[in-house]
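Q: Can you walk me through this one? I'd like the residue-level details.

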Amino acid sequence: MRTRRLLGASLTTVLAVGLVGAATPTATAGDNDKADWSGTRALRIAGDDEAGKTLVTARNRWALLAQDYGNEIEETGAARLRERGRDGVWRNPENLPAYVNWFRHDTNANGWTIGAYVKDGALFGVLHTPRGRVASTSELARAVASEVPRVVAADRLNGLGLIEYGDRLIQRVPARKGNTDPRPAYWTDVTDADADGDPSTDHDYFLVSGGVLAVNPSADGQSLVLRKQVPTADGTGTTWTDPQSVPMLSGIDIVHRAPGVQSLIGAGSDGVTMYDLTTPDVTNPGVWTVGEKRVLHPSNATPTAVIDGRGDLTVYWREDTAAGAGTIVWQADRPQGKYLERPTFIGGTRSTETKVTVSPAGTITVLAQPLTGRWSPLKVKHLPAGKSSWTRWQSLAAPAPQASTIEHNALGTAQPNGDLTTIVGDARGVYAFMFDAPRQVSKMTRPVNRTQKVRTYTIAWNTTWAYASDWQVRARVDKGKRYGAWRNVAVPEGQRFKDVTRPRGEKRCYAARGLTPDGWTVWSNQRCVTVRR
C-alpha cells in the first residue's frame, strides 16, 4: 500500500481498511494468539538496531528489506538489501545488488511494487509483480549528485508507475494484451516542459486519470496550483492543461478511488481536508474538475490516505489530546456497518507510536509501541474484515533487546489472505515476525431461530477475515431421510440478506460463499430453517 508524504511533511508508514457491519461476528481470542505468529532472523548486523528500515511485501511470501547502512547515510542514502523468497528464507537479492543508495518504493493495493535506487553512477528502476518470485531491475538514467528518487505506483492500475528524479520523469507503462495492438511493458522518459514554464518551481507529480498531475504552491503561498499533463490532440506529444487551484494544503497525497475519480487529501487551515478530482470522460483526460471542499475533521494533524483492494478510501492521522496522542481512523463509503463512518479513536493507541496497515481484503492491523522513554515490546491487534470488534493486543519481542522507537521498525502490506510481516531492529540485526491469519470463511448469520412462526423470514450471510465483494447462496430441502438437490438462490450483487417466503412445514437449508481478493471462500456450513405448520 501507499506510504507517501509530500510538500513539507515527513515520510511515514501507513495503510488501511474496509469492513464490518451490523449483526456480524465479533473477534475472539484465537484470532490473534501467539500461535498465529512466528519469527526468523532476517539480517545480522550487530549494533544497528536503530537504523532506519523499509519493508516491501507482495501477494506471496516475497519481501524486500532495506536497512540504512554505514556512517554517511544522510549524504549517500546507503542501504543494505535482503530478499525473502517463497521458501521464507532471507538472503541477498537475486536480481538486485546487496548494497545500494537511495532505495525508494511505492506499492499499490493490488501488490504491484515500483521502486528505484542509485548504484555505480546510474539510476535503476525496480519492479515486482504481485506473485513474482523475485524483483527485477532496469537501468534508466545516469545518476545525478545529491538527487533522491521519488516513486509513485498508480492505485488500482496494475504495473503503472512514475519515478521523479531531479528534473526528469520516467514512467513505467504496463503491457497491453489482446489481439489488437498488443505491446510489452516498458520504461519511458515522459519529461516535458515545466508545468508553469518556470524551471525553478518545485513540483510534486502524481499519476491520475489519463496523465500526470503536477502540484506546486502558488507564488503567494496561499494555494496549491494543479496542472495536468495530457496527450496533444494529434497524439504526437503532451501538453499541460490550464491551472486549477485549491486552498493551501500540506502533507498531501492523491489516491485513485474509481475510474476518472481521484481524491486530493491533506492538512489545511480548517483541518483534515479532501477534494475530489474528476475526469468525466476518461477518453478525454484534458477535461477535469476539482470538487467541493470537504473537511473530515478539525485537526491540524497531517493525514495519510490509503486505498485497499476494493478501492475503498481510508484516512488516518495522529490526534493530540490532554491524555496523549492517539490514532484516529475514518473511512469513506464503508462497505459494511457504520463503525468508521466518522473519525474514530482506536483504543489502546494513546501515548504510543503506531503504524497501520490494511490487507487487500479489508482487515486493519495496528502496530504500536508505548512511549515510555525506554525499551518496550511492540504490540499488535487487528480489526478483521467482516467482524465487529478488535482482537486483543499481542506483544512481539525480538530475541535481543529491540530499538527504543517504532520508527526503526517496519510493517508490511498484508497478503490477500491477511498474512503479514513486520520487522524490528534489535541488538543482533533485524528480526522478522510473520502473522498467519485465520482462514477466510463464510457463515450464514440469520435467521437466529431455526424454527419460524411465519412463512416469510430473512436469511443473511457474512464473510470474515475478508470483505467479500459478492456472494453466492444456495438452498436445499431437508426431506427427513435425505436432502433435495442444491439450488441457487438469486441475490442482488453485493447484498448480504434476502427475504424468502416458504410453505408451512418445510425445512430448508442454506449455505453461502463470498468472493474475496483471494478468490471464493469454501461454502459455509448449512443453516436449516423450519416453518411451523
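Q: Is Cys-509 buried or exposed?
A: Cys-509 is buried, at 0% relative accessible area. Buried means under 20%, exposed means over 50%, and partly exposed is in between, with a 1.4 Å probe and protein chains only. This is a predicted model: local features need pLDDT of at least 70, side-chain atom pairs need 80 or more, and totals for chains, interfaces and linings use all residues. Residues are numbered from 1 along each chain as its sequence is written, and side-chain values use heavy atoms, without hydrogens or water.

Q: What does Cys-509 join to?
A: A disulfide links Cys-509 to Cys-528, with S to S at 2.0 Å. The rule is a pair of cysteine sulfur atoms within 2.5 Å. The count by that rule is one disulfide.

Q: Where do the two cysteines sit?
A: Cys-509 is in strand 41 (residues 507–516) and Cys-528 is in strand 43 (residues 527–531). They are 19 residues apart. Strands are DSSP runs of E with at least two residues, helices are runs of H or I with at least four, and both are numbered from the N terminus.

Q: Which hand is the link of Cys-509 and Cys-528?
A: Right-handed, with 100 degrees about the S-S bond. Cys-528 is buried too, at 14% relative accessible area.

Q: Zooming out, how many helices and strands does the protein have?
A: One helix and 43 strands. Of its 533 residues, 55% count as buried. The protein exposes about 22,700 Å², and carbon and sulfur atoms supply 47% of that. Those areas come from the Shrake-Rupley method with a 1.4 Å probe; for residues, only the protein chains shown count as cover.

Q: What share of the contacts join residues at least 24 apart?
A: 55%, among contacts between residues at least 6 apart in sequence. Contact means heavy atoms within 4.5 Å.

Q: New topic. How many aromatic pairs are there?
A: Eight. Rings of Phe, Tyr and Trp (its six-membered ring) pair if their centres lie within 6.5 Å. Planes under 30 degrees apart are stacked, over 60 are edge-to-face, and the rest are tilted.

Q: Why is the pair of Tyr-431 and Phe-433 called edge-to-face?
A: Because their planes are at 70 degrees, with the centres 5.2 Å apart. Both residues are buried. Tyr-467 and Trp-471 also form an edge-to-face pair, at 6.3 Å centre to centre and 90 degrees between the planes. Tyr-467 and Trp-471 are buried as well.

Q: Which residues do ring pairs link into a cluster?
A: Trp-37, Phe-435 and Trp-465.

Q: And which lysine lies over the face of Trp-393?
A: Lys-379, at 4.5 Å from the ring centre. Lys-381 lies over the face of Trp-390, at 4.7 Å. The test is NZ of Lys or CZ of Arg within 6 Å of the ring centre and within 35 degrees of the ring normal.

Q: Let's do Thr-521. Where is it?
A: Thr-521 is in the loop between strand 42 (519–520) and strand 43. Thr-521 is buried, at 7% relative accessibility.

Q: What does the side chain of Thr-521 make a polar contact with?
A: The side chain of Ser-442, at 2.7 Å. A polar contact is a pair of N or O atoms within 3.5 Å; within protein, one must be able to donate a hydrogen and the other to accept it. Residues adjacent in sequence count only if both atoms are side-chain atoms. Beyond four places in sequence, Thr-521 touches residues including Val-441, Thr-463 and Arg-513.

Q: Which backbone oxygen lies 2.7 Å from a side-chain polar atom of Gln-452?
A: That of Asn-449. Gln-452 is in strand 36 (residues 451–452) and is buried, at 14%. Among its contacts beyond four places in sequence are Pro-447 and Tyr-457.

Q: What kind of peptide bond joins Arg-446 and Pro-447?
A: A cis one, with omega about -5 degrees. Most peptide bonds are trans, and most residues other than glycine have a negative phi. Pro-447 lies in the loop between strand 35 (441–446) and strand 36.

Q: What is the phi of Ser-146?
A: Near 60 degrees, a positive value in a non-glycine residue. Ser-146 is exposed, at 67% relative accessibility. Ser-351 also has a positive phi, about 60 degrees, but is partly exposed, at 33%.
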